[in-house]
Amino acid sequence: MPQPIQTAQSWAPLWLRRLAMVAGAAYLLAIWLDGAGTMLPTRVLPLPMRFFVQVTELFPNAAQDSIEWRVRGFSCDLGHYEEIDVRPFFPIRADDKESRFDRAMFFYHRHRRVLEAMDQYLTDTQNRLHPEARIGGVLVLSLRVPIPPLGTPGPRYQRLPIESYPPSVQRLDWYLTDGAARTRRCTEAP
(Lines give C-alpha, C1' and ligand atoms only; values in the text may rest on other atoms or scores of the structure.)
Protein backbone atom coordinates (compact mmCIF):
# COMPACT_ATOMS: atom_id res chain seq x y z
CA MET A 1 0.00 0.00 0.00
CA PRO A 2 1.48 3.37 -1.02
CA GLN A 3 2.41 5.85 1.66
CA PRO A 4 0.43 9.10 1.69
CA ILE A 5 2.41 12.15 0.54
CA GLN A 6 3.20 14.40 3.43
CA THR A 7 3.48 18.13 2.88
CA ALA A 8 5.52 20.44 5.01
CA GLN A 9 3.70 22.83 7.22
CA SER A 10 4.25 26.51 6.49
CA TRP A 11 5.96 28.52 9.18
CA ALA A 12 3.97 31.64 8.20
CA PRO A 13 0.36 32.16 9.16
CA LEU A 14 -2.25 32.14 6.41
CA TRP A 15 -2.75 35.93 6.48
CA LEU A 16 1.01 36.54 5.92
CA ARG A 17 1.12 34.11 2.98
CA ARG A 18 -1.83 35.85 1.35
CA LEU A 19 -0.28 39.27 1.93
CA ALA A 20 2.99 38.09 0.31
CA MET A 21 1.02 36.77 -2.68
CA VAL A 22 -0.76 40.12 -3.12
CA ALA A 23 2.52 42.05 -2.75
CA GLY A 24 4.21 39.80 -5.35
CA ALA A 25 1.34 40.26 -7.79
CA ALA A 26 1.45 44.04 -7.24
CA TYR A 27 5.23 44.02 -7.86
CA LEU A 28 4.87 42.09 -11.13
CA LEU A 29 2.04 44.41 -12.21
CA ALA A 30 4.22 47.48 -11.45
CA ILE A 31 7.07 46.01 -13.54
CA TRP A 32 4.68 45.33 -16.40
CA LEU A 33 3.12 48.82 -16.22
CA ASP A 34 6.55 50.44 -16.24
CA GLY A 35 7.73 48.30 -19.14
CA ALA A 36 4.56 49.04 -21.11
CA GLY A 37 5.40 52.75 -20.96
CA THR A 38 2.74 53.98 -18.58
CA MET A 39 4.01 56.53 -16.10
CA LEU A 40 1.88 55.16 -13.27
CA PRO A 41 4.69 53.51 -11.22
CA THR A 42 6.82 56.64 -11.61
CA ARG A 43 4.04 58.84 -10.28
CA VAL A 44 2.88 56.54 -7.48
CA LEU A 45 5.97 54.85 -6.04
CA PRO A 46 8.65 56.58 -3.96
CA LEU A 47 12.12 56.73 -5.49
CA PRO A 48 13.70 53.80 -3.57
CA MET A 49 10.89 51.47 -4.63
CA ARG A 50 10.86 52.82 -8.18
CA PHE A 51 14.46 51.60 -8.62
CA PHE A 52 13.36 47.97 -8.28
CA VAL A 53 10.49 48.39 -10.75
CA GLN A 54 12.52 49.88 -13.62
CA VAL A 55 14.21 46.63 -14.60
CA THR A 56 12.41 46.41 -17.94
CA GLU A 57 13.62 49.84 -18.94
CA LEU A 58 17.28 48.99 -19.38
CA PHE A 59 18.06 51.42 -22.20
CA PRO A 60 15.26 54.00 -22.33
CA ASN A 61 17.46 56.58 -24.03
CA ALA A 62 19.53 54.37 -26.31
CA ALA A 63 21.52 56.14 -28.99
CA GLN A 64 19.90 56.45 -32.39
CA ASP A 65 23.14 57.48 -34.08
CA SER A 66 26.77 56.48 -34.09
CA ILE A 67 29.05 59.47 -33.53
CA GLU A 68 32.25 59.80 -35.54
CA TRP A 69 34.70 62.57 -34.68
CA ARG A 70 36.57 64.23 -37.52
CA VAL A 71 39.03 67.07 -38.06
CA ARG A 72 39.41 69.47 -40.94
CA GLY A 73 42.61 71.48 -41.11
CA PHE A 74 42.84 75.00 -42.53
CA SER A 75 45.36 74.69 -45.35
CA CYS A 76 47.66 77.71 -45.33
CA ASP A 77 48.43 77.27 -49.06
CA LEU A 78 44.88 76.67 -50.30
CA GLY A 79 43.05 78.96 -47.86
CA HIS A 80 40.23 76.54 -46.98
CA TYR A 81 39.49 73.57 -44.73
CA GLU A 82 40.33 70.04 -45.82
CA GLU A 83 39.90 66.81 -43.89
CA ILE A 84 43.03 65.56 -42.17
CA ASP A 85 43.55 62.06 -40.85
CA VAL A 86 44.47 62.33 -37.18
CA ARG A 87 44.74 58.58 -36.58
CA PRO A 88 48.57 58.60 -36.81
CA PHE A 89 48.64 61.30 -34.10
CA PHE A 90 46.87 58.95 -31.66
CA PRO A 91 48.42 55.50 -32.24
CA ILE A 92 46.63 53.62 -29.46
CA ARG A 93 43.67 51.84 -31.14
CA ALA A 94 43.99 54.22 -34.05
CA ASP A 95 41.75 52.29 -36.45
CA ASP A 96 38.61 51.94 -34.38
CA LYS A 97 36.22 54.16 -32.49
CA GLU A 98 38.05 53.60 -29.18
CA SER A 99 41.08 55.66 -30.18
CA ARG A 100 42.40 58.25 -27.78
CA PHE A 101 41.13 61.02 -30.05
CA ASP A 102 37.58 59.63 -30.08
CA ARG A 103 37.60 59.11 -26.32
CA ALA A 104 38.91 62.63 -25.67
CA MET A 105 36.29 64.15 -27.94
CA PHE A 106 33.51 62.06 -26.44
CA PHE A 107 34.25 63.25 -22.92
CA TYR A 108 35.58 66.78 -23.53
CA HIS A 109 33.87 68.11 -26.68
CA ARG A 110 32.28 70.92 -24.62
CA HIS A 111 35.42 71.93 -22.69
CA ARG A 112 37.03 74.95 -24.33
CA ARG A 113 40.46 74.54 -22.68
CA VAL A 114 40.73 70.91 -23.80
CA LEU A 115 39.70 71.83 -27.34
CA GLU A 116 42.26 74.62 -27.47
CA ALA A 117 44.99 72.22 -26.32
CA MET A 118 43.77 69.67 -28.88
CA ASP A 119 43.90 72.39 -31.56
CA GLN A 120 47.50 73.25 -30.65
CA TYR A 121 48.54 69.58 -30.60
CA LEU A 122 46.85 68.72 -33.91
CA THR A 123 48.23 71.79 -35.68
CA ASP A 124 51.79 71.31 -34.37
CA THR A 125 51.81 67.58 -35.13
CA GLN A 126 50.37 68.01 -38.64
CA ASN A 127 52.88 70.74 -39.45
CA ARG A 128 55.79 68.71 -38.04
CA LEU A 129 54.88 65.49 -39.88
CA HIS A 130 53.72 67.14 -43.12
CA PRO A 131 55.64 70.42 -43.59
CA GLU A 132 54.53 70.53 -47.23
CA ALA A 133 50.85 70.68 -46.16
CA ARG A 134 50.93 73.18 -43.29
CA ILE A 135 47.72 74.05 -41.49
CA GLY A 136 46.90 77.13 -39.42
CA GLY A 137 44.10 75.66 -37.36
CA VAL A 138 41.42 73.05 -37.16
CA LEU A 139 37.68 72.55 -37.35
CA VAL A 140 36.59 69.68 -35.09
CA LEU A 141 33.26 68.18 -36.03
CA SER A 142 31.11 65.15 -35.40
CA LEU A 143 29.10 63.06 -37.82
CA ARG A 144 25.85 61.50 -36.60
CA VAL A 145 25.56 58.30 -38.62
CA PRO A 146 22.17 56.58 -38.13
CA ILE A 147 22.28 53.13 -36.55
CA PRO A 148 20.35 50.54 -38.59
CA PRO A 149 17.02 49.36 -37.14
CA LEU A 150 17.07 46.52 -34.62
CA GLY A 151 17.45 43.15 -36.29
CA THR A 152 19.05 44.39 -39.50
CA PRO A 153 22.75 43.72 -39.90
CA GLY A 154 24.85 46.84 -39.74
CA PRO A 155 28.05 47.40 -41.68
CA ARG A 156 31.39 46.84 -39.96
CA TYR A 157 33.10 50.04 -38.92
CA GLN A 158 35.31 51.54 -41.55
CA ARG A 159 36.55 55.09 -41.74
CA LEU A 160 35.19 56.89 -44.77
CA PRO A 161 35.98 60.43 -45.97
CA ILE A 162 33.50 63.06 -44.82
CA GLU A 163 32.43 63.75 -48.40
CA SER A 164 31.32 60.14 -48.92
CA TYR A 165 28.53 60.46 -46.33
CA PRO A 166 25.11 61.46 -47.68
CA PRO A 167 23.68 64.88 -46.78
CA SER A 168 21.22 63.18 -44.44
CA VAL A 169 24.11 62.46 -42.03
CA GLN A 170 24.09 65.31 -39.53
CA ARG A 171 27.33 67.27 -39.12
CA LEU A 172 27.95 69.29 -35.96
CA ASP A 173 30.85 71.71 -35.62
CA TRP A 174 32.31 71.74 -32.09
CA TYR A 175 35.45 73.81 -32.35
CA LEU A 176 36.94 76.25 -34.83
CA THR A 177 40.35 77.86 -34.44
CA ASP A 178 40.21 81.59 -33.87
CA GLY A 179 40.82 83.55 -37.09
CA ALA A 180 43.71 85.58 -35.62
CA ALA A 181 45.46 82.44 -34.35
CA ARG A 182 44.95 80.77 -37.72
CA THR A 183 46.47 83.73 -39.58
CA ARG A 184 49.38 83.96 -37.15
CA ARG A 185 50.19 80.26 -37.51
CA CYS A 186 50.06 80.42 -41.30
CA THR A 187 52.43 83.43 -41.44
CA GLU A 188 54.96 81.93 -39.00
CA ALA A 189 58.06 80.35 -40.43
CA PRO A 190 58.03 76.55 -40.24
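This is a predicted model: local features need pLDDT of at least 70, side-chain atom pairs count only at pLDDT 80 or more; totals for chains, interfaces and linings use all residues.
**Chatting through the fold**

Colleague: Nice. Which element does Leu-143 sit in?

Modeller: Leu-143 belongs to strand S3.

Colleague: And is Leu-143 buried or exposed?

Modeller: Buried, because its relative accessibility is 0% and the cut-off for buried is under 20%.

Colleague: You listed Arg-70 there. How far apart are Leu-143 and Arg-70, in sequence and in space?

Modeller: In sequence they are 73 residues apart, while their C-alpha atoms are 7.6 Å apart in space.

Colleague: What about contacts across the whole protein, how many join residues at least 24 apart?

Modeller: Taking contacts between residues at least 6 apart in sequence, 67% of them join residues at least 24 apart.

Colleague: Switching topic: what's the order of elements from the N terminus on?

Modeller: The order is α-α-α-β-β-α-α-β-β-α, with 6 helices and 4 strands in the protein.

Colleague: Let's pick a helix, say H5. Why does its end-to-end distance agree with its length?

Modeller: Helix H5 covers residues 112-129, so its 18 residues at 1.5 Å a residue should span 26 Å, and the end C-alpha atoms are 25 Å apart.

Colleague: Which residues of H5 are buried?

Modeller: They are Leu-115, Met-118, Asp-119, Leu-122, Thr-123, Thr-125, Gln-126 and Asn-127.

Colleague: Good. Now a loop: where is Asn-61?

Modeller: Asn-61 lies in the loop between helix H3 (47-53) and S1. Its relative accessibility is 75%, so Asn-61 counts as exposed.

Colleague: How far is Asn-61 from Thr-177?

Modeller: Their C-alpha atoms are separated by 33 Å, and the two residues are 116 apart along the chain.

Colleague: Last topic, overall dimensions. What radius of gyration does the protein have?

Modeller: The protein has 29 Å, whereas a compact globule of 190 residues would have a value near 16 Å. Along the principal axes, its C-alpha atoms fill a box of roughly 105 × 40 × 30 Å.

Colleague: How many of the residues are buried, as a percentage?

Modeller: Buried residues are 29% of the 190. As for the accessible surface, it comes to about 13700 Å², with 62% belonging to carbon and sulfur atoms.

Colleague: And the charges, how far apart are their mean positions?

Modeller: The 23 positive and 20 negative charges have mean positions 9 Å apart.

Terms used: Residues are numbered from 1 along each chain as its sequence is written. Side-chain values use heavy atoms; hydrogens and water are left out. Helices (H or I, at least four residues) and strands (E, at least two) are DSSP runs, numbered from the N terminus. The expected span of a helix is 1.5 Å times one less than its number of residues. Buried means under 20% relative accessible area, exposed over 50%, partly exposed in between (1.4 Å probe, protein chains only). The radius of gyration is taken over C-alpha atoms; the globule rule is 2.2 Å times the number of residues to the power 0.38. Contact means heavy atoms within 4.5 Å. Accessible areas come from the Shrake-Rupley method with a 1.4 Å probe; for residues, only the protein chains shown count as cover. Lys and Arg count as positive and Asp and Glu as negative; His and the chain ends are not counted. The place of a charge is taken as NZ of Lys, CZ of Arg, CG of Asp or CD of Glu.
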